Every structure is written in structure tokens, then in C-alpha cells.
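Opening the notebook on a new model today.

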Amino acid sequence: MRRTPEERTLIGLEFGTAAAALGGGILLSLRPDGAFLHASPAVLRRTPFTDWRVPGLLLAAGCGGGYLLAGLLTLRRHRAARLVSIAAGTALVGLEAWEVAFIEYQPLEAIFAAVGAAVVVLALRNFPASDQQVSSGAALPA
């Protein structure tokens, strides 16, 4: 079965976000002073973190790993793909809201919040609930 443009967009957003989160998180963890990404530890003053090591690890593992899993499940059209994609998108919107509240606003946060929201919407539109699938694995028409 061919992929719809929306399904391809969802897969692209999931893998693109996974790559950005994994890359950024690893770079922050390798240089906790934020030098690789020009991220000053001073902006962490209202958080429990004194440097970027733990936030980098959380970004790589949580966001990067979550989006990588969502992308792989979506690519395989796994029955859990919808739920994992919705969870990843919702978590990203929440993460960006937390960053605005406790760190500082940067335009990139608005972009990633929009990506998270788009993932939720696309996941809701693209995947039929598992009870809408017939035994052959093909989805019933909407």
C-alpha cells in the first residue's frame, strides 16, 4: 500500500526531530558548558541543572529516542505507531512550554512546539484505531 503525503510528512517530521534531538543532546552532553551549540549554562539558573550534561542526556534519550521509536513504528505501520506518535508530539509541546517558562524564549522553541503539534494532528489523521483494521491488516475506508 502506498504512503499518503501526510504519512510521508509524519515520518519525515519524526525522523527529522529524532536526528535534531539526538544530535543536540549528544553535543550538549559532550560539552556541558554548551560550547558546541553556543548555549550558555547561565540560562539554566531557574532549573535544577548547573550545566548542560543532564539536559543533553534527557534530550537525546527522551525526545530523540521517543521520536526515533515513533518514526520506526510509523514506517512499519505498527499498531502502536499512533499512540507513540501522539505521546512524542505531546511531550515535545510540553517540553517547549517548560523551556519557555523556566529557561527563556527562543524562536526555535516555537518551531519545535509547532512540530510536536503537527505530529499529533498527523498521527490522529493518518492512523486508524486498531479496531478499525480488518484481519488482513488493511484499514477500512474512513
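**Contacts, fold and backbone**

I started with contacts (heavy atoms within 4.5 Å): in the protein chain, 65% of those with a separation of 6 or more link residues 24 or more positions apart. This is a predicted model, where local features need pLDDT of at least 70, side-chain atom pairs count only at pLDDT 80 or more, and totals for chains, interfaces and linings use all residues. Numbering runs from 1 along each chain as its sequence is written, and side-chain values use heavy atoms, with hydrogens and water left out.

Next I looked up secondary structure, taken as DSSP runs numbered from the N terminus (helices: H or I, at least four residues; strands: E, at least two). The protein chain has 4 helices and 0 strands, so I read its pattern as α-α-α-α.

Then burial, with buried meaning under 20% relative accessible area, exposed over 50% and partly exposed in between (1.4 Å probe, protein chains only). Of the 142 residues in the protein chain, 32% are buried. I got an accessible surface of about 8,300 Å² for the chain, with 67% of that on carbon and sulfur atoms; the method is Shrake-Rupley with a 1.4 Å probe, and for residues only the protein chains shown count as cover.

Last, phi. Most residues other than glycine have a negative phi. H38 has a positive one, near 55°. H38 sits in the loop between α1 (5-30) and α2 (53-76), and is exposed at 75% relative accessible area. I noted R77 too, with phi near 55°. R77 lies in the loop between α2 and α3 (81-102) and is partly exposed, at 28% relative accessibility.
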